[in-house]
Amino acid sequence: MHLSPQVPGVERASGSYLTLADGKKIFDGISSWWVTLHGHSHPYIAEAIAKQASKLEQVIFAGFTHESASVLAKKLIERTPNGLTKVFFSDDGSTAVEVALKMSVQYWKLRGETRTTFLALEHSYHGDTFGAMSASSRSTFTDAFTPMLFDVIHLPFPTPPEYDSEQFSDDEQKFLDALMKHCSSDRNIAAFIYEPLLLGAGGMKIWRKKILEEALKIVHTHHILAIADEVLTGFGRTGTFFASDAMDNSPDMMTLSKGITGGFLPLGVTLCTKNIYDTFLSSDRAKTFFHGHSYTGNPISCAAGVASLEIFESEPVFERIQTITNVHQERMPLLAKKNDNVFRILGTMAAMQPRKPEGYLSSRMQGIGRRCLESGLLLRPLGDTIYFLPPYSTTANDLHKAYDILEEVLQK
C-alpha cells in the first residue's frame with residue numbers, strides 16, 4: 001500500500017482489455033493473474049452463470065450433488081490423462097494442493113504405512129496456505145513462516161541446456177540423481193509434487209518433457225505418488241490441453257484451478273486414480289477423508305466451468321493459442337536480445353530475464369510494471385522476470401501492440 005498509493009479502479013472488461021473508471025483501456029497481458037482464459041466477460045460463460053444462479057445458487061455438497069458438478073466432473077475426466085477418474089472439489093489452487101497433500105498422507109496410512117515426506121522442485125510454488133507453502137520452495141513468499149512449515153525435500157531445478165540437446169545438462173543430471181537417491185533410500189516419501197513443464201511464480205521457468213518423463217518413471221518404479229500441479233498449466237496454457245498430456249506417464253493426482261471457470265469464479269479440483277479412491281472406500285467411517293469447504297462444488301462455479309469447457313468444443317481455441325505463440329516466437333527473441341536478456345517461450349507464455357538476475361524484490365522491475373500500466377499494458381513482473389500470458393481472445397494485433405509498449409518502456 002505504501003508503494004502503490006494510486007490504485008486504479010476497473011469499471012468493466014471485455015475480451016483482452018480492462019476499462020478503468022476514467023475510460024482508459026488496459027491490455028491484460030497476464031490474464032489477471034492467469035485466470036482469464038477465453039477473455040473477460042465472455043457472453044457464453046456469463047449466460048451460463050446467470051441461468052444457474054436463477055435455478056440453484058448453492059447447496060451443501062456433503063450428502064448431495066447437482067447437475068453442474070456432475071457434468072463438470074465428467075467433462076474433466078474425459079480431458080485429463082488416463083487413470084484420473086475421481087474428482088474432489090474445493091475452492092482454489094492452494095486448497096486443491098492441500099487436498100492432494102492430505103490425501104497422499106492418509107492414503108499411505110490406510111495402507112498401513114507412515115509416509116509424511118514430500119519431494120518438490122527448487123523454485124516451485126504451490127500456493128499460500130500452509131501445506132502449499134511447505135511444498136513450495138523457500139523464498140520471499142514463505143520466509144516469515146519458515147518455523148511453521150513442515151519439511152519438504154526440494155530437488156535441484158533441472159535447468160535445460162542453452163541449446164536443445166539429446167544430452168542431459170549438468171543441472172538435469174543433478175536433479176535426476178537426487179530424485180533417484182531419495183526415492184531409493186527414503187521409505188518415508190509420500191509423493192512427488194511438481195508443476196509440469198512450467199514453473200509459474202518461481203519465474204516462469206521451463207523444464208524439458210524428457211526430464212519429467214524420466215522423473216515419473218523413477219517415482220512410479222519406487223511406488224511413490226506423483227502429483228501434477230496444473231493450476232497454471234491446465235486448459236491450454238502450455239500448448240496442449242494439460243501439460244501432462246505431453247507425457248507418456250500419467251500422474252496419480254492432478255490439481256486444477258485458475259482457468260477452470262474461464263476466470264469468472266473461484267473453483268478448485270483435485271483429481272485422483274481409482275486406486276487412491278478405493279483405498280478410502282469403506283464402511284468404516286474412520287477411513288473418511290475429512291476435508292471439505294463450505295462452497296465445495298458450488299453450482300454457479302461448476303456451471304462456469306462447464307461453459308468454459310464447452311467453448312473449447314465450439315470455438316477455435318487452439319488456433320487462438322497458436323496465434324499467441326507465433327507472435328511470441330516472432331517478438332520475444334528480438335526483444336530479449338536487444339535488452340541482453342535470456343528468454344523462454346512455451347504455449348501462450350513468453351518470458352525474459354536479465355543474464356545477471358536481480359532478485360524477486362527488484363525495484364527496477366516495479367518501475368517497469370508501473371510505466372507499462374501508464375502506457376496501457378498490464379504486466380506484473382515476477383521479480384526480475386518480465387512475462388506475457390494473455391487471454392485466448394488476444395489477436396496478433398493486440399499482442400504486437402503490447403510488445404511495442406514494452407519495448408518503448410524498456411528503452412527509457
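I'm working with a predicted model, where local features need pLDDT of at least 70, side-chain atom pairs count only at pLDDT 80 or more, and totals for chains, interfaces and linings use all residues. Residues are numbered from 1 along each chain as its sequence is written, and side-chain values use heavy atoms, with hydrogens and water left out.

**Entry 1: a helix pair**

I looked up α6 (residues 170-185) and α7 (residues 209-221), whose axes come within 10 Å and cross at roughly 10 degrees. Axes here are lines fitted to C-alpha atoms, for helices over the stretch in contact, and angles run from 0 to 180 degrees between N-to-C directions. So α6 and α7 are roughly parallel to each other. The contact of α6 with α7 has nine nonpolar, no polar and two charged residues. For those classes, Ala, Val, Leu, Ile, Met, Phe, Trp, Tyr, Cys and Pro count as nonpolar, Asp, Glu, Lys and Arg as charged, and the others, Gly among them, as polar. Among the residues that meet are Phe-175 and Leu-179 in α6, and Ile-211 and Ile-218 in α7 (contact means heavy atoms within 4.5 Å).

**Entry 2: helix α9**

I checked the length of α9 (residues 299-314): its 16 residues reach 22 Å from first C-alpha to last, close to the 22 Å expected at 1.5 Å a residue. The expected span is 1.5 Å times one less than the number of residues. Buried means under 20% relative accessible area, exposed over 50%, and partly exposed in between (1.4 Å probe, protein chains only). In α9, 13 of the 16 residues are buried, so the helix is largely enclosed by the rest of the structure. At its N-terminal end I found Asn-298 as the cap, with a side-chain oxygen 3.1 Å from the backbone nitrogen of Ile-300.

**Entry 3: two loop residues**

Is Gly-200 buried or exposed? I get 0% relative accessibility, so Gly-200 counts as buried. Gly-200 sits in the loop between β8 (198-199) and β9 (205-206). Leaving out residues up to four places away in sequence, Gly-200 touches Trp-34, Glu-195, Leu-232 and Leu-382.

Next I picked Pro-81, in the loop between α3 (67-79) and β4 (84-90). Pro-81 is buried too, at 9% relative accessible area.

How values were computed: Helix = DSSP H or I, 4+ residues; strand = E, 2+ residues; numbered from the N terminus. Polar contact = N/O pair within 3.5 Å; in protein donor to acceptor, adjacent residues only side chain to side chain. Parallel < 35°, antiparallel > 145°, perpendicular 65-115°, else oblique.
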